[in-house]
Amino acid sequence: MITNIDCVGIAMPEGTHQPQRDAGLKRKAWLAVFAVSALFWIAVGAAAWYFWG
């Protein structure tokens with residue numbers, strides 16, 4: 001039978017660190033989210049204008 005195994009140490013080593021996040025990439029991702037959202041609402045508004053205007 002296997003004994004003296006540190007299961008927590010195997011699953012989560014003490015030397016782990018958080019991955020570095022690029023601030024520029026995060027800014028570009030949010031800009032893309034807002035741009036796509038704006039384009040969606042412009043299309044909805046144009047469709048509403050076309051059908052009910």
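At the start of H2, a side-chain oxygen of Asp22 comes to within 3.3 Å of the backbone nitrogen of Gly24. The model is predicted, so local features need pLDDT of at least 70 and side-chain atom pairs count only at pLDDT 80 or more, while totals for chains, interfaces and linings use all residues. Residues are numbered from 1 along each chain as its sequence is written, and side-chain values use heavy atoms, with hydrogens and water left out.

The protein chain has two helices and zero strands; helices (H or I, at least four residues) and strands (E, at least two) are DSSP runs, numbered from the N terminus. The 30 residues of H2 should span 44 Å at 1.5 Å a residue, and its end C-alpha atoms are 43 Å apart, which agrees. The expected span is 1.5 Å times one less than the number of residues.

Of the 53 residues of the protein chain, 0% count as buried. Buried means under 20% relative accessible area, exposed over 50%, and partly exposed in between (1.4 Å probe, protein chains only).

The structure holds four aromatic pairs. Rings of Phe, Tyr and Trp (its six-membered ring) pair if their centres lie within 6.5 Å; planes under 30 degrees apart count as stacked, over 60 as edge-to-face and the rest as tilted. The rings of Phe40 and Trp41 have centres 5.0 Å apart and planes at 75°, so this pair is edge-to-face. Phe51 and Trp52 also form an edge-to-face pair, because their ring centres are 6.5 Å apart and their planes are at 65°. Ring pairs join Tyr50, Phe51 and Trp52 into a cluster.

| Residue | Relative accessible area | Class |
|---|---|---|
| Trp30 | 49% | partly exposed |
| Phe40 | 47% | partly exposed |
| Trp41 | 54% | exposed |
| Phe51 | 61% | exposed |
| Trp52 | 74% | exposed |

Technical notes. Polar contact = N/O pair within 3.5 Å; in protein donor to acceptor, adjacent residues only side chain to side chain.
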